Structure formats: C-alpha cells, structure tokens
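Please view the structure first and then read the points below, which are grouped by topic.

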Amino acid sequence: MGPETNILEMRGITKAFPGVIANEGIDLDVRYGEVHTLLGENGAGKSTLVKILFGLYQADEGSILLRGEPIAVGSPSEAIASKIGMIHQHFMLVPTLTVAENVALGTASTRRPFTDLDVVSRRVSEISEEHGLAVDPSVEVRRLAVGERQRVEIIKALYRDAELLVLDEPTAVLTPGEVDDLFVILRRMADAGRGLIFISHKLREVMSLSDRITILRNGKVVGTTTPDETSREELAQMMVGRAVRLTPEKPDMDVGPARLEVESLTIHGDRETVAVNDISFEVRSGEILGIAGVSGNGQRELAEAIAGLRVGEPGGSIRLDGVEVTDKDTRSRRDRGLGFIPEERMRDGAIAEFTVSENMVLVDHASRQFTSRGMLAFDAIRRHSRKLVDDFAVKTPGIETPTSSLSGGNIQKVILARELSASPTVLLACQPTRGVDIGAAEYIHTRLIEQRNLGTATILISEDLDEVMGLADRIAVMYEGEIVAVLPAEGATREGIGLLMAGVVEPTAQTVG
Amino acid sequence: MLKAVLGALVPLLAAVVAFAFGAIMLLALGASPLEGLNAMLDGAFGSGSRLAATAVKATPLILVGAGITIAFRTSVINIGGESQIIAGALLSTVVALTLPDLPAFILVPLVLLAGAAGGAVLGAIPGALKAYASVNEILSTIMLNLVMVQFMNFLLRGPLIDPFELEAGTRIPQTQRLSDNAALPTLIDGTRLHIGVPVAIIAAVAAYLILWRTPTGFRLRAVGHSPEAARAAGISVKRNVTLAMALSGSLAGIAGSILVFGSEGQRMVTDGSAAGFTGSAGFNGIVAALFGGLHPLWTIPSAMLFGALLTGATQLQRVLQVPAALAVALNGIVVIFVISSTPVRGWLQRSLADSGLFSRSSNRVEAD
C-alpha cells in the first residue's frame, strides 16, 4: 500500500459525444480499501466514466492519477497492466472451457509455447481460498451457476493482480442470496486494501455495501456521501433531481372474477428441457399477481405461452375471461383483451426503425379506428399517438421520431401506452421497469396500479423483488419451472421470498391458493 | 436535409465514376469517349421512338424492381425474378392460346392477370417454404430459376411449340403467333411504346401505396424490421413472408406477360438459356431496385437509367464499332459502383456527424 490514501483520482474528466456531453468535469477518487459506489440513472455517465478508466474511451479533458502517478490508459490491455480490473455486466467467459482455461486466456504462459494450466489452476485455487470464492478450477464454465460464473470473473481480475476493481452492475443477474454472498466477497477484497468501484442503481444494495457513494446526474457529479449520512429517498432524489416515491400507493381493491386461468400448463424450453412444470394459477379482475423468481426459472416461457408465442404441452389449458385460448394465436388472444408488455422491449416490444406513432398502433393498426377505405387513416393515427405521448409523458421530439432515438424508459412508456390504451382485461407485464430510470419506473408503477384499479387482471413478472413486493396483491414464487408458493403480499418478507426463490422451501412457509 | 441530399448525390456520383471507367475502356479500344457518350445518349433518348424503346426496355425492370422492394422491405431476399417472369409468361401464353377469341378489352387484362398469378405462385412457393419450413429463400429462389428455365425449354420445345416449327423441322423453341387480341395496344403510332409502360408505372405506384399506406404494408414492414416485435404484437410472420413473396412474384409475372405480348413477334421464344427469354430482367430488376434505394417510386427512374444503358449500348456498338460486350461490362461497372456506394454513404454521414454537422438522431450515443 502506498503512502497516499487514494488509489485512484480522476480529475475533471470530460467526454462529449455528438450532441451529448456524457461526462462533464467529473472528479472521482477511490481510497485504498474502500467500496466506492457510482450511482446514477441510465445516461448519467457512469459507464462512460469507467470505460474511460478502462481505456475503452479516451477522455476529451481531465487526468487520471493511479497510486498518485498520472497515467494515460490507451486500451483495456494497458488498464490491466496497470492493475485495473473490470467485471462486466455480461460475462466474458468461454462456456466450453474450464475455469482455469478461462483465467489463462489472454495471459502469457510461463512455459511458452506450451500452456501452464497446472500453474494457473494452482494459483486459481489459492485465490479462491484466500477470498472465499469456492470455485473449482477444473470445472467447465458452462456447468457453473450465474453467481459462480461471476466469481470466475472476479478470479480473472485477481489473477491479473487487479488492485482497483470496477464492477458494472454485478448484482443484476443474482438472487438475493447470491447478492449477499457477493457482498461478503467484495467487502473482504476491500479490507485487503483494494479499491472497488461499484456501479448500481439498486438503492438498497448501494446503502448496504458502500463506504462512499458518488451520485451522477446528466454527466455531472451531484454529490458524494456515505450511507450513514443519507437515505434511499435522498439518494433517489439526488439521482432524479426531484422527490421520488419509491413505494407506490395502492388502495385496497375488491377482486372480481378470474380473468386469466392457467391450468396444468407444462412447457418445454428451447433445449427440450421442461421449462415450466405443471403450473396452475389464476388472476382475478382488480388484482396484480406478482411472479417472483430468479431469471431462468421458467418465467420467460410462461409469459410466452400466455401471450401465444410458445405452445405448451397437451393437457394444459389457458383461459382468457373464461374462454379457452390454448390453441389460439397471439392475435386472437389480443382480440380477447390480452395486453402484453414483453420482457425484451427492443426486440419484442417495439420496432426500433418505426416511428413513435407507428409503434403506438403496432397492434391495432388494422382496427376500424385507424383505417378508412382499406388505407391507413394517418390523421386518426397521429391524433391517437399525440394523445398517448401527452397522456403517458413520453419524452420525444415528436411522434414521427424514430423510436430508436428514444431512451429505454421512454420506449417502455410507448409500449405501456400502446398496451394500456387498448383497455386490456388481462395485462401481462414482463420486467416492466428493467433498466428504466427511477423516474420512469415510478411512473410505470403508478400506471400499472391505476390499470389494476380499473379492474384489469395483471400478471407482473419481475426479477426485481422490491417491484413485486411493492405492486403485487399476491406473490407467486417460481423456482425451476414450478410455482413453489403463492403468498399474499401483505406480510410477505424479503427474506422469506428470497429463500423460496433460491429453492429453499421452509416447512413453515404458508402457501395460499 | 443534408442527409437526404447526400443520399441522392452519392449514387449519382458513383454512376459518374462508373462512366469514367467506361471512358477508359473506350480509350483502350481506341474510340473517343465523348463520341461514345454521345452515341449512347443519342441511342437512348435521341428520338421519340428511341425514347420509347428505352421505356419499353425499362418496363420489366420497373416491375421486377417494384416487386423486389416489397420483398426486401419484408426482409425476404427474392432472387427468383427470373423464374417468376417465366411463370407469368407461360401462364399468360397458355391463357392466350386457350381463349384466343376473347375481345381485346377482356383478353389484354386477362393475360396480364394470368402473368401476375403465375409469378405469384412462383413467389409464394419459396415464401411459404421459408415461412413454414425455414428454407433459405435465396437458395430456393435461385434453384427455382434453374428449374423454370428448363421447364420453359421443355414446354417451348414440346407441348407449346409452334406446330409449323414441327412441320418445317426447324424446331425453333417458340410458340405460334399468339392471338392479336392479346397484344398490348400501342400508345403512340410509329413507336414501340405500348400499354405495358403505364401498367408498370401504375404497379410501382401501387407497390408504394401498399407498403406505406395500407395495413397490409404496415405489417410487411413490421415483419421486415423485427419479426419478433411483429409476432408479439399479433402479426403473423409466416403469412406476411409468404404474402411478400407472392406480391413480389406477381409483379415479376406481369413483366413476363409484357415480354410476350409487348414483343414484336407476339410469341414466347427462347434460345434455351436463362437470359434467352428474360434478358436477365429478373436480376437487373434487383439492381434497379437497389439503385432506387428500395423505394418503388425511385425504382422507375432507376430502371429508366438501366433501360437507357441497354438501348444506348446498341447505338454505341453501331457507331463506334466496339464489341457488344462493352455495354455489358459498362452495365456491370455501374452496378458495382452503385452497390459499393452504400458503405461510402454511411461512412460519409458518420464522419459528417462526428464533425457536428448532423443532429444526434442520426448517430446514437453509447452511454451507460
């Protein structure tokens, strides 16, 4: 450890892209032995800043001091040589290679031209033991769970002697239990004297892990604080620039008749494995059924089957408003009142090249409202789109703007506007706020609850436990293709649901209808 | 705005550079490039009848090109123009042979419709194969081109051959002279300008209207941009892929019947090769569509340019005594330059964007 307290100082970093200043005079310092969180909404400049640090971008202005010495990072390999490590959100691992082989990739062997995998393996075991990572170097990466793969990424960085580690939204793919494990590991690495930059927008995690928090907004530093001095509400306000309601207000509703009934539904996944195993549930008018679960436990397949994009095994049944739709296509399900907000909004939810206006009528373009004498009635379409853009506060230069130039949150608002304007009897909302700014998420939550209050039966599939707990009236937990429990939202605890999501069924856990 | 100007300017520039290359070839052959250009312009536009000939040459390219825009906008790559032209020609020939005595005002529309139907079938087959069995449409359309050429040769040498050819023993693969009632009426006396030219222009306008003004076209474009999003919105990808190919094929099929009933011989004739009947319109139509930026209306002037190349080349050959292959080469060079201008255009726009001349909408920022 050097004599100075800061391992990293970034001073006056400015980076402009055409039309946007992504970073404007940003100062950031990271001390030895601290977890320093970068908090900010999409587009606030977090990623740009760490990409500059890692040599993926070059700053227009500003300087970087590493261990007190000014450095110029021209490329990621220079960053690695300077002992800067980066854990990307999407893992950079070769699934068919072993852990040791993945670690050895891109490093020089000590026995060139031959490999030194035994040496690497031994070192990996040492690192693994030292940091409590529990990873076997000889196992193939494809056999590892997501949380373990992330630990391989950490080992890769440690193997390269990283002293400054950047973790870009590392918890996005983890279960609550895995997040806890990760935080223990990160804390231990910080305690060993390393500097950690943690990027997140999940306020709960930020509060529990960070030593210091630097909040970015619109490319500028809003402030630096510590968890002791601040609160989630205050952090949200600093990120967004106005007061934000983190838990939506939800009046009690009397539930009506069942609108969506799923019975004995079994679905095979893409690899012929059983993705959803004999599931039955119903959603009633005026309620939100939240489906909690770690990604990849059958939620996607379930959603696709309800939307008519995937066929279930014979014997199962899906009823919309009492009518059998199991063999019907998406079109006829939508005609029966199904609204669908797909998980992958840019792939399934909207057409990037289409204008905002075209996406607003993507579903109903052929309805009598939007056609006249066989042609599209552009006046009616424009009027409708303009109204929806206003009603749903979509930030766009105009309705003829290509949808691709909108931000993620605004694209999601376009999809939401389209689906809600059709007054669905059943609404299937998948990850409605994933990757969306807090402000937009708050708005989307409000609209979903309004729709519930109007009597729509909503099924909310989300990996964000806070979202499920805040919105749902009942919570179904999915694990390995099955609904392991259905709980009333009232009285449910994060810990209890977290255990269910991890497949731990407590004998005391009460399961209701 | 600047972007739009650039979009039009770059392909034109490419054409100019291509002609410069043509000039070098002419010099190499010992001929004067200026005289060559003069001869080509004269041949293509020099008189009313030459202009008419150019328009007639462009007609199948307009039709095939407009059809190609429909398929490509749906993200289906239709390389089967040749087979669709042949199918349209054959079916309309059979109709004219079967019902020769119908009055012209019925028979002319009928043969054109038969052409559309024949082409539509040859488009729908690879379309449905792609949609329902994931068969690569590039392969299937190319293969069907080969199949249809041989099928045409078989029919024109056998069942459909002119009985006189059998009697005389000359056995030229052609049909008998078809009913005059089916002949496309000439618009201006003394020229070759027939009704097929306005039919093609109307078809291109119709393609435009279908794509951008109707719910059907909305669905086709939606499928073309994002089959996933279209599907999630309740639009059938399979049905629309098949439909796009059928529409695309039907326009090529009309081109086939125009090639028969707009010809001087008023009969279907082949030399046994693929281009023998179609004149490669099924391929040149793709080029015309690409040169027109995959816009049905821009396909019209674009096809006219290629039509002018074809008629101008004849004059070039006659006046300068250069080999006919030069015209083919010139055509090819124009195609190469125009096609490769697309990346140049993208590059130009990007570098202009970097210099701050463009708004951000043309260039998205990757931040966070």
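In chain A of this predicted model, 11 residues of domain 1 are in contact with 13 residues of domain 2. Domain 1 of chain A covers residues 6–240, and domain 2 of chain A covers residues 258–501. The centres of these two domains, taken over C-alpha atoms, are separated by 34 Å.

**Where the domains of chain A meet**

- On the side of domain 1 of chain A that touches domain 2 of chain A, the elements that give two or more residues are α6 (176–191) and α8 (232–240) of chain A.
- The largest share of that side comes from α8(A), which gives three residues.
- By class, the residues on that side of domain 1 of chain A are five nonpolar, four polar and two charged.

**Chain A as a whole**

- Chain A contains 17 helices and 22 strands.
- Chain A has a radius of gyration of 25 Å, close to the 24 Å that the globule rule gives for 513 residues, so chain A is as compact as a globular protein of that length.
- Along the principal axes, the C-alpha atoms of chain A fill a box of roughly 75 × 50 × 50 Å.
- Of the 513 residues in chain A, 47% are buried.
- Among contacts in chain A between residues at least 6 apart in sequence, 67% join residues at least 24 apart.

**The contact between chains A and B**

- In chain B, 24 residues are in contact with 36 residues of chain A.
- The elements that give two or more residues to the side of chain B that touches chain A are α9 (215–225), α10 (227–232) and α15 (325–354) of chain B.
- That side of chain B has nine nonpolar, eight polar and seven charged residues.

**The largest nonpolar core**

- In soluble globular proteins, nonpolar side chains tend to be buried together.
- The largest nonpolar core here has 251 residues, and those with the most contacts inside the core include A:Leu53, A:Leu428, B:Leu63 and B:Ala255.
- Helix α11 (residues 237–261) of chain B gives the largest share of this core, 14 residues.
- Both domain 1 (6–240) and domain 2 (258–501) of chain A give residues to this core, so the core lies between them.
- Apart from its neighbours within four places in sequence, B:Ala255 is in contact with B:Pro60, B:Leu63, B:Val64, B:Ile85, B:Gly88 and B:Ala281.

**Helix α14 of chain B**

- Helix α14 (residues 296–320) of chain B has 25 residues, which should span 36 Å at 1.5 Å a residue; the end C-alpha atoms are 35 Å apart, which agrees.
- This helix, α14(B), is mostly covered, with 18 of its 25 residues buried.
- Just after α14(B), B:Gln321 takes a positive phi of about 55 degrees.

**Two loop residues with positive phi**

- Most residues other than glycine have a negative phi.
- A:Asn218 is not a glycine, yet has a positive phi of about 50 degrees; this residue is found in the loop between β9 (212–217) and β10 (220–225) of chain A.
- A:Asn218 counts as partly exposed because there are 15 C-beta neighbours inside 10 Å.
- A:Glu480, also not a glycine, has a positive phi of about 45 degrees and is placed in the loop between β21 (474–479) and β22 (482–488) of chain A.
- A:Glu480 likewise counts as partly exposed, with 15 C-beta neighbours inside 10 Å.

Methods
Residues are numbered from 1 along each chain as its sequence is written. Chains are lettered from A and ligands numbered from 1 in the order in which they are written. This is a predicted model: local features need pLDDT of at least 70, side-chain atom pairs count only at pLDDT 80 or more; totals for chains, interfaces and linings use all residues. Two residues are in contact if their C-beta atoms, placed from the backbone, lie within 7 Å. Helices (H or I, at least four residues) and strands (E, at least two) are DSSP runs, numbered from the N terminus. Ala, Val, Leu, Ile, Met, Phe, Trp, Tyr, Cys and Pro count as nonpolar, Asp, Glu, Lys and Arg as charged, and the others, Gly among them, as polar. The radius of gyration is taken over C-alpha atoms; the globule rule is 2.2 Å times the number of residues to the power 0.38. A residue is buried if 20 or more other C-beta atoms lie within 10 Å of its own, exposed if 12 or fewer, and partly exposed in between; C-beta atoms are placed from the backbone. The expected span of a helix is 1.5 Å times one less than its number of residues. Domain bounds come from an automatic or database domain assignment. A nonpolar core is a set of buried Ala, Val, Leu, Ile, Met, Phe, Trp, Tyr and Cys residues joined through C-beta atoms within 7 Å.
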